[in-house]
Amino acid sequence: MTAITYSPLKSQKPNTAIAYLPLKSQEPNLDKKKFYLKELANQKNLEKLEFVEEVISKNLAWEQKKICHVLRELQSGDYLLVTKFSDLGWTYSEAFKVLLIASVREINILTVKGISGQKIVKFIFSLGNLY
């Protein structure tokens, strides 16, 4: 298992570590995902890990999603854990919005699976659709 760390600020004692789990209505791999997130938290010496689960829907406004509330709760030096980059948002633009907010607020994001260059290229091309 590889861990990609996006860490704008190193902190000696993180206040909070939250694992965000966006779920389909029937999630057969929930226990497996939790296991990997706990393992990642242990590797990073995070003592307490809180899980936030949410059944995902593209019809729900971003501001109403639990990830938005999690970002409001986290403070500088805290940790947000996800199994993969795409768990941060329904679309690439939502996922990068989370990265931007985390960067500005100095929240550390840890992923179990890395971010591929292909996903970043897809995101950059999706920006052209916004204008």
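**Notebook: pocket, helix pair, salt bridges**

I looked up the lining of the largest pocket and found that strand 2 gives the most to it, with three residues. The model is predicted: local features need pLDDT of at least 70, side-chain atom pairs count only at pLDDT 80 or more, and totals for chains, interfaces and linings use all residues. Residues are numbered from 1 along each chain as its sequence is written, and side-chain values use heavy atoms, with hydrogens and water left out.

**Pocket.** I recorded a volume of about 280 Å³ for the largest pocket. A pocket here is an open set of points on a 1 Å grid over the protein atoms alone where a 1.4 Å probe fits, with protein on both sides within 12 Å along at least five of seven lines; lining residues have an atom within 4 Å of a point. The volume is the space filled by probe spheres set on the points. I listed 20 lining residues, with Pro22, Leu23, Ile56, Ser86 and Asp87 nearest the centre. Strand 2 (17–23) and strand 3 (50–55) each supply at least two of the lining residues. By class, I noted nine nonpolar, three polar and eight charged residues in this lining.

**Helix pair.** I next examined helix 2 (residues 66–73) and helix 3 (residues 92–105), whose axes come within 11 Å and cross at roughly 10°. Helix 2 is therefore roughly parallel to helix 3 (angles under 35 degrees). In contact (heavy atoms within 4.5 Å), Ile67, Leu71 and Arg72 of helix 2 meet Val98, Ile101 and Arg105 of helix 3. I classed the residues of this contact as four nonpolar, no polar and two charged.

**Salt bridges.** I found three salt bridges (a side-chain nitrogen of Lys or Arg within 4 Å of a carboxyl oxygen of Asp or Glu). Lys34 forms one with Glu53, the closest N and O atoms lying 2.8 Å apart. This pair links distant parts of the chain, Lys34 in helix 1 (residues 30–43) and Glu53 in strand 3, 19 residues apart.

Definitions and conventions:
Axes are lines fitted to C-alpha atoms, for helices over the stretch in contact, and angles run from 0 to 180 degrees between N-to-C directions. Helices (H or I, at least four residues) and strands (E, at least two) are DSSP runs, numbered from the N terminus. Angles under 35 degrees count as roughly parallel, over 145 as roughly antiparallel, 65 to 115 as roughly perpendicular and the rest as oblique. Ala, Val, Leu, Ile, Met, Phe, Trp, Tyr, Cys and Pro count as nonpolar, Asp, Glu, Lys and Arg as charged, and the others, Gly among them, as polar.
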